[in-house]
Amino acid sequence: MPHATPAWFFFGDSLTQGVNDQLMPGGWASRLAVLANEAGLCSIPRATFYNLGARRHSTATIAARWRSELESRLIPGMEPRLVFCTGVVDMAAPGGGVAADPTRIADQFDNLLAQAASVAPTLAISPPPVTETRANARIALLVDLQRRICQRRGIPFAQVYTLLANNPDYINDLSDGLHPGSQGCALMAQILLAQQCVSAFMRTA
């Protein structure tokens, strides 16, 4: 009987995509996969990782595309696990956009998780901080709303906002105010894997 193939699908914006990581394409998501493999939680190459981050994709945009992108990559015997990290685009409004209301984005996030959790095991990761104070205030509010949603739905939630906002090495690595470079991506991956909900999510049977 063939072994199942565990596969992680990371959905998010340009921070998930890892646009400023000069050392490892895929940023913190790729680094998390490598750390999980090194820790013996999963085995590469059988484990498969898809980075489906896309620049300037809002929570609503990710909600509209995740299912079709997942289905187009599924193969027989694959066991998908879904990871969502959304909110920076909504709250920081890069490219001259208008910041959204955190409550409205939380409602979109709630609907997204309800659909995702009905398809496959799901992990939510809070949006990380940026350098702009007002944007961070909105992100902090959204993070609290996301946490409550995940608690109510029984979905694991990894909180990185506070840990990274208080870490000068991460903040100083945001060369454009939004995106971490190699150091920041490495820090985020380490902080994530140190959380029990993430290490459990990365572990295969």
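**Exercise 1. Find which backbone nitrogen a side-chain oxygen of Glu132 reaches at the start of helix 6.**

Solution. Work on the predicted model. At the start of helix 6, take the side-chain oxygen of Glu132. The backbone nitrogen of Arg134 lies within 3.2 Å of that oxygen. Now go to the other end. Gly154 follows helix 6, and its phi is positive, near 70°.

**Exercise 2. Compare the span of helix 6 with the expected value, then sort its residues into buried and exposed.**

Step two: list the buried residues. They are Ala135, Asn136, Ile139, Leu142, Val143, Gln146, Ile149 and Cys150. Their arc around the axis is only 135°, so they sit on the same side of helix 6.

Step three: turn to the other side. Thr133, Arg134, Ala137, Gln151 and Arg152 are exposed there.

Step four: identify the cover. The buried residues are covered by elements including helix 4 (88–92), helix 5 (102–117) and strand 4 (122–125).

**Exercise 3. Classify the ring pairs Phe9 with Tyr50 and Phe11 with Trp66.**

Solution. The model holds 6 aromatic pairs. For Phe9 and Tyr50, the centres are 4.8 Å apart and the planes at 15°, so this pair is stacked. Phe9 is in strand 1 and Tyr50 in strand 2, 41 residues apart. Phe9 is buried at 0% relative accessible area; Tyr50 is partly exposed at 23%.

For Phe11 and Trp66, the centres are 6.4 Å apart and the planes at 75°, so this pair is edge-to-face. Strand 1 holds Phe11 and helix 3 holds Trp66, so the pair ties together parts 55 residues apart in sequence. Both residues, Phe11 and Trp66, are buried. With Phe84 they form one aromatic cluster.

Note on methods:
Residues are numbered from 1 along each chain as its sequence is written. This is a predicted model: local features need pLDDT of at least 70, side-chain atom pairs count only at pLDDT 80 or more; totals for chains, interfaces and linings use all residues. Side-chain values use heavy atoms; hydrogens and water are left out. Helices (H or I, at least four residues) and strands (E, at least two) are DSSP runs, numbered from the N terminus. The expected span of a helix is 1.5 Å times one less than its number of residues. Buried means under 20% relative accessible area, exposed over 50%, partly exposed in between (1.4 Å probe, protein chains only). The arc is that of the directions from the helix axis to the C-beta atoms. Contact means heavy atoms within 4.5 Å. A polar contact is a pair of N or O atoms within 3.5 Å; within protein, one must be able to donate a hydrogen and the other to accept it, and residues adjacent in sequence count only if both atoms are side-chain atoms. Rings of Phe, Tyr and Trp (its six-membered ring) pair if their centres lie within 6.5 Å; planes under 30 degrees apart count as stacked, over 60 as edge-to-face and the rest as tilted.
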